Amino acid sequence: MWSSVGLSVINVVWSSLALCFLVAFCAHKVSRLLPGIFDTCPAYVLFQDLIRYGKTKQSLKRDEWLRVFDVPKRWFWHFYAVSVGWNGLLLVLYLSFIFQHQSYPLWLSDFLDILTGAHSSDSQVPQLSTVLVQLLLWVHSLRRLLECLFVSVYSDGAMHLVQYMFGLGYYIMLGLTILCCDRMEKERSSLLSQLDWLLVAGFLLFIWASWLQHQSMVLLARLRTGKSGTVETLTHRVPKGGWFELVSCPHYFAELLIYISLSFVFRGLSFTWWLVVLYVLFNQALAGQLCHDLYISKYKSYPRHRRAFIPFVL
C-alpha cells in the first residue's frame, strides 16, 4: 500500500506545481500551432518570459522593463550550493535521530507537522530508504554544483528573477519533502531488514542516470571548448554524440530518471514522492520542448528523428 496518500499540505504543494507545469506545457504547445497570433500580447510575452531561460529566452521579443528582472543563468550553481548545505544539514539531523535518538529541532518538527498533518512520535522507526534518499540527493546536488563550477560553459544567458527564487526554494522544499515521506511512512521493521531488491534497483538506476547526465553535460561543454579545454566560443551549436543522437536534452531525461530512482529507493510506496516525480516530468518536458523547438527553428539540418527529452516518446 502507498504511504502518505491524503490531502496534506505537502501533497497539495507538489500536485499544484505539477498541474501548473502541465498547463504551461500544454499552453506552449498550443501557441506553437498558432504562430504570430499571441506574439504581441503582453500576457503571452510575460508567460514566455517566465518559462524560458538561457538560450531559449534570447530570441524572445521583450520590452525593456521585463529585462530588469533578468539574472545570469550562470547563477544556477547557487541552487546546488543551497541544496548541499541545507540537505546536508537535514541528513545530519536525521542521522542524529537514528544513532543518538535526538529529536528534531522544535522549529523543524513543527513545520513537518504542518506539512504532513501527522504529529511526530518518539517511537517512530528510522527508515533506511530515507537515509539513502537524503544521501543520494546530497550527492546529486554536489555533483551538479561541481559541474556548474568546473564543467559547464555559460554565455550571457539569463533567467527570470522569479525562476531564480523558485530554484532556491525548490531544494529547500525537496529536503523537507523527504522528511515528510519519512514522517508518513508506516514501516515498522528494523533498519537492516528494510533492505530489498527495489531499493537496490533504485540505487543502481541513480548511478546510471547520474552518469548519463554527467556525460551529457560534458558533451554540451565540449561544444564551446577546444581539445585543451579552453573556451573557444560561446555560440550555440548542434549537440552530438551519446544520447543526443536520440533526444535534444538527454540531461533532462536523466534528471527525470534520477527522481524515479529515488522513488524506487522509497520502494515505490511514497505517494508524495510520486507527486514530485510528476512535477519533474512536466517541468523537464517543458524545458526540453523549448530547447527542441529552438534547435529545429535555428538549424535546418537538425535531425528530425530526435525527440525532445524522452527517447521515441516525447
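**A buried lysine, a nonpolar core and its aromatic pairs**

Setting aside residues up to four places away in sequence, lysine 55 touches His236, Cys291, Leu294 and Tyr295. The model discussed here is a predicted one. Lysine 55 sits in the loop that runs between helix 2 (42-51) and helix 3 (64-67). Although lysine 55 is buried, it has no salt bridge. The nearest side chain of opposite charge belongs to aspartate 156, 12 Å away, whereas a salt bridge requires a side-chain nitrogen of Lys or Arg within 4 Å of a carboxyl oxygen of Asp or Glu.

The largest nonpolar core has 76 residues, and the members that touch the most others are Trp14, Leu174, Tyr259 and Trp273. At least two residues of this core come from each of helix 1, helix 4 (76-99), helix 5 (106-116), helix 6 (128-150), helix 7, helix 8, helix 9 and helix 10 (271-298). Helix 10 provides the largest share, with 13 residues.

Apart from neighbours within four places in sequence, its contacts are Tyr170, Met173, Leu174, Thr177, Thr272, Leu275, Val276 and Tyr279. Trp14 also belongs to a cluster linked by ring pairs, together with Phe21, Tyr80, Phe166, Tyr170, Tyr171 and Tyr279.

The structure contains 23 aromatic pairs. One of them joins phenylalanine 21 to phenylalanine 166, with 6.3 Å from centre to centre and 45° between the planes, and is classed as tilted. Because phenylalanine 21 lies in helix 1 (residues 9-33) and phenylalanine 166 in helix 7 (residues 161-183), this pair ties together parts that are 145 residues apart in sequence. Phenylalanine 166 has a relative accessible area of 33% and is therefore partly exposed, since buried means under 20% and exposed over 50%.

A second pair is formed by tryptophan 208 and tryptophan 243. Their ring centres are 5.5 Å apart and their planes stand at 70°, so the pair is edge-to-face; the cut-off for that class is over 60 degrees. This pair, too, links distant parts of the chain: tryptophan 208 is in helix 8 (residues 197-222), and tryptophan 243 is in the loop between helix 8 and helix 9 (250-265), 35 residues apart. With a relative accessible area of 33%, tryptophan 208 is partly exposed. Tryptophan 243, at 26% relative accessibility, also counts as partly exposed.

Key: Residues numbered from 1 in each chain as written. Predicted model: local features only at pLDDT ≥ 70, side-chain atom pairs only at ≥ 80, totals over all residues. Heavy atoms only, no water. Phe/Tyr/Trp six-rings, centres within 6.5 Å; stacked < 30°, edge-to-face > 60°. Helix = DSSP H or I, 4+ residues; strand = E, 2+ residues; numbered from the N terminus. Buried < 20%, exposed > 50% of the residue type's maximum accessible area, 1.4 Å probe, protein only. Lys, Arg positive; Asp, Glu negative; His and termini not counted. Contact = heavy atoms within 4.5 Å. Core = buried A, V, L, I, M, F, W, Y, C linked by side-chain atoms within 4.5 Å.
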